[in-house]
Amino acid sequence: MATLMTERKRSALTRGRLPKYTPYVIALSAVVIAAALMSLIGFHVFGWAVLSAVLFVIGNVTAAGVVEGRRKATDKFATSLVYGAFLVALLPLISVIWTVLVNGVPGLLTPGFLSTSMNGVTGAVDNASVKDGTPVVGGVYHALMGSVMITLWATLISVPVGLLTAIYLVEYSAGNTFSKVITFLVDVMTGIPSIVAGLFAAAFFAMILGPGTKTGFVAAVALSVLMIPVVVRSSEEMLKIVPNELREAAYALGVRKWRTILKVVIPTAISGIASGVTLAIARVIGETAPLLVTAGFATTINMNVFSGWMASLPTFIYTQIMTPTSPSNADPSTQRAWAAALLLIILVMLLNLGARLVARLFAPKTGR
Amino acid sequence: MSTTKLARRAGTGRTGDKVFSGAALGAGALIVAVLFAVALFLVVQALPTFSAPAADITGGEGFFTYIFPIVIGTLIAATIALLIATPIGIAVALFISHYAPRKLARGLGYVVDLLAAIPSVVYGAWGASFLASQLKVPYQWLAENMGWIPLFAGPASSTGKTILTAGIVLAVMVLPIIASLTREIFLQAPMLHQEAALALGATRWEMIRMAVLPFARGGIISAVMLGLGRALGETMAVALVLSSGPLIASLIRSGNQTIAAEIALDFPEAFGLRMHELIAAGLVLFLITLAVNMVARWIINRHKEFSGAN
């Protein structure tokens with residue numbers, strides 16, 4: 001009688017299904033078994049995690065296969081793969097940020113790192129600081145200023161061109177052939193390898209001003225080639241979602257088209273445009289390859305983009321790693337490189353955050 | 001009196017209109033001109049390479065013998081990157097669009113996008129200093145146990161700075177592109193089809209296979225192509241991670257080189273014919289990525305017309 005009661009309690013809908021606590025039980029046993037196996041061949045945290053995960057998936061899928069049938073087992077297996085892939089994708093992110101933090105913080109906290117340049121810092125200075133155990137001398141001021149100047153000029157070139165092009169595409173072209181050509185070429189430009197953009201600027205200025213011309217402005221032109229398509233795409237999307245009623249209302253009041261665009265359309269879309277521009281800046285400030293072939297390397301402060309080689313944060317990192325200031329004692333250079341990398345990541349993250357903030361703060365008021 | 005005033009004011013407005021529309025048109029034309037200029041200047045600056053005697057080219061046997069190994073190296077690195085990044089990227093996109101709890105999905109999407117925000121030189125530094133040293137032991141194992149496959153022929157590199165490491169770093173950089181593009185496509189998959197599949201008793205995976213993946217096929221292909229374009233042109237990761245050398249089949253020994261890394265490493269010191277040679281190499285890279293991107297865009301546009309039916 002008692003057995004019959006329990007049979008009845010289980011409804012037809014839940015029969016042949018694993019109880020809800022099964023995955024937890026399997027997970028626990030997988031972790032324990034993995035720990036036992038790992039202790040046999042030498043314990044390693046990473047190996048333990050991987051082994052537990054594999055055991056968990058096998059256990060879970062087998063249990064589902066036995067009790068619930070093959071279809072459910074396949075589903076469980078696919079779910080595990082998808083979750084696993086996401087965790088795998090997080091590994092490099094965590095690893096990169098951890099590596100940069102661990103290696104970069106000491107250098108970034110060294111006094112003078114942000115306010116001095118590499119002027120006068122030679123291999124002998126580095127050797128001495130390693131030998132005497134004194135703090136590492138030299139900093140990134142020149143590179144930081146170089147990055148800011150080059151990016152500023154690139155922005156000054158890209159934003160008017162990109163924004164005007166977007167205005168042409170949305171407001172004037174009315175979908176003609178020329179606008180289709182532009183849209184297609186902007187898409188193609190998005191895919192230009194950054195080093196090719198650098199080569200283009202280098203080749204262009206080599207033809208005008210003679211071979212070997214390397215200045216901050218050449219670098220700014222190279223970065224503009226990368227930045228313009230991003231600005232065009234994001235501004236175009238933003239201008240497109242401005243409601244047509246606003247334009248029509250302005251026309252009905254007798255406002256000219258250019259004043260409508262300047263006073264009605266752009267102010268409505270400004271939050272999206274500004275955040276798009278900020279994201280574009282975040283994208284190009286970390287570009288290394290084009291600067292390598294256009295701006296050269298410098299160890300001193302150069303605030304003039306029109307003459308002389310110019311340092312920048314990415315090329316600073318690159319040169320400090322590839323050609324340490326003191327070949328026999330690379331540690332000070334490595335420390336400076338990681339500190340600069342940390343600074344660069346902080347800058348890029350701030351720009352990304354700023355873009356989201358701008359988008360929220362300047363969002364058009366909905367009237368309620 | 002008032003009519004002339006009106007007429008004058010209207011006149012100034014018309015000038016403004018003309019100037020503004022002219023400027024907008026000019027900016028659009030400038031973009032077209034810039035892209036043609038990129039192609040033109042690369043060709044003009046590359047020309048001396050093709051007219052120079054074969055013996056003067058690096059390697060001494062003409063431009064083709066010089067460029068061939070690094071084109072193959074570029075393709076190898078990009079292939080490794082795509083083989084790793086495509087399955088993971090699609091799975092990550094599925095996770096965010098169909099598996100993750102709704103409230104978390106947006107935030108997790110941002111986290112994956114963060115991967116794209118990290119500058120390439122930082123990835124290069126990470127790959128060279130951290131990843132390469134971590135991979136030494138696995139490479140040793142591969143060389144000992146799988147050495148009979150030409151791809152894993154030993155002796156394994158003692159620094160871990162091989163084309164496989166470079167390919168893995170490239171995969172990390174391509175992953176967010178593939179993940180975010182395919183995520184958009186998955187989110188657009190028609191909800192009615194998905195609900196119908198679930199209502200007929202399909203499991204979640206069967207629903208995805210029947211209602212989401214077929215819809216997204218074109219989008220996935222184009223996302224992978226765009227990722228390929230990025231992997232082909234990526235410079236710093238390879239320049240910092242790979243200790244380059246002549247073309248070899250083994251992925252776990254130092255050797256091989258990619259076009260972009262070759263340019264980045266040699267251009268700063270190059271002059272004369274060597275400079276023209278590197279620009280010619282850049283032209284080849286430009287043409288390859290251009291072809292890849294155009295095919296990707298073509299697939300996207302074709303797909304757009306079909307998806308409108310839903």
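## Briefing on chains A and B

α4(A) crosses α2(B) in a left-handed manner; a crossing counts as left-handed if the near helix is turned anticlockwise from the far one by less than a right angle, and as right-handed if clockwise. This is a predicted model, in which local features need pLDDT of at least 70, side-chain atom pairs count only at pLDDT 80 or more, and totals for chains, interfaces and linings use all residues. Residues are numbered from 1 along each chain as its sequence is written, while chains are lettered from A and ligands numbered from 1 in the order in which they are written.

**Between the chains**

- Helix α4 (residues 70-109) of chain A and helix α2 (residues 63-99) of chain B have axes that come within 8 Å and cross at roughly 110 degrees. Axes are lines fitted to C-alpha atoms, for helices over the stretch in contact, and angles run from 0 to 180 degrees between N-to-C directions. Helices (H or I, at least four residues) and strands (E, at least two) are DSSP runs, numbered from the N terminus.
- α4(A) and α2(B) are therefore roughly perpendicular to each other. Angles under 35 degrees count as roughly parallel, over 145 as roughly antiparallel, 65 to 115 as roughly perpendicular and the rest as oblique.
- From α4(A), the residues Thr79(A), Leu81(A), Val82(A), Tyr83(A), Ala85(A), Phe86(A), Val88(A) and Ala89(A) meet Ile88(B), Ala91(B), Val92(B), Leu94(B), Phe95(B) and Tyr99(B) of α2(B). The contact of α4(A) with α2(B) has 13 nonpolar residues, one polar and no charged. Ala, Val, Leu, Ile, Met, Phe, Trp, Tyr, Cys and Pro count as nonpolar, Asp, Glu, Lys and Arg as charged, and the others, Gly among them, as polar.
- Over the whole interface, 67 residues of chain B are in contact with 67 residues of chain A, contact meaning that C-beta atoms, placed from the backbone, lie within 7 Å. On the side of chain B that touches chain A, helix α1 (residues 2-51) of chain B gives the most, with 20 residues. That side of chain B comprises 50 nonpolar, 13 polar and four charged residues.

**Helix packing within chain B**

- The axes of α2(B) and helix α8 (residues 204-233) of chain B come within 9 Å and cross at roughly 140 degrees. The crossing of α2(B) with α8(B) is right-handed.
- Among the residues that make this contact are Thr74(B), Ala78(B) and His98(B) of α2(B), with Ile208(B), Gly227(B) and Leu232(B) of α8(B). By class, the contact of α2(B) with α8(B) has 12 nonpolar, four polar and no charged residues.

**Helix packing within chain A**

- Helix α2 (residues 22-41) of chain A and helix α3 (residues 45-68) of chain A have axes that come within 8 Å and cross at roughly 140 degrees. α2(A) and α3(A) are therefore oblique to each other, and their crossing is right-handed.
- Contributors to this contact include Pro23(A), Ile26(A) and Met38(A) of α2(A) and Trp48(A), Phe56(A) and Asn60(A) of α3(A). The residues of the contact of α2(A) with α3(A) comprise 15 nonpolar, five polar and no charged.

**Domains of chain A**

- Chain A is assigned domain 1 (21-109) and domain 2 (140-362), with bounds that come from an automatic or database domain assignment. The centres of domain 1 and domain 2 of chain A, taken over C-alpha atoms, are 40 Å apart.
- Eight residues from domain 1 of chain A and eight residues from domain 2 of chain A take part in the contact. The side of domain 1 that touches domain 2 in chain A has five nonpolar, three polar and no charged residues.

**UniProt annotations**

- UniProt lists "domain: ABC transmembrane type-1" (unreviewed entry) at residues 144-355 of chain A. UniProt positions are given in the numbering used here, feature names are shortened, and annotations may be inferred rather than shown by experiment. Residues 144-355 of chain A are 77% helix and 0% strand, with end C-alpha atoms 21 Å apart.
- In chain B, UniProt places the feature "domain: ABC transmembrane type-1" (unreviewed entry) at residues 71-296. Residues 71-296 of chain B are 77% helix and 0% strand, and the end C-alpha atoms lie 20 Å apart.
- The "transmembrane region" spans that UniProt lists for chain A (unreviewed entry) include residues 150-170. Residues 150-170 of chain A are 100% helix and 0% strand, with end C-alpha atoms 30 Å apart.

Technical notes:
Contact = placed C-beta atoms within 7 Å.
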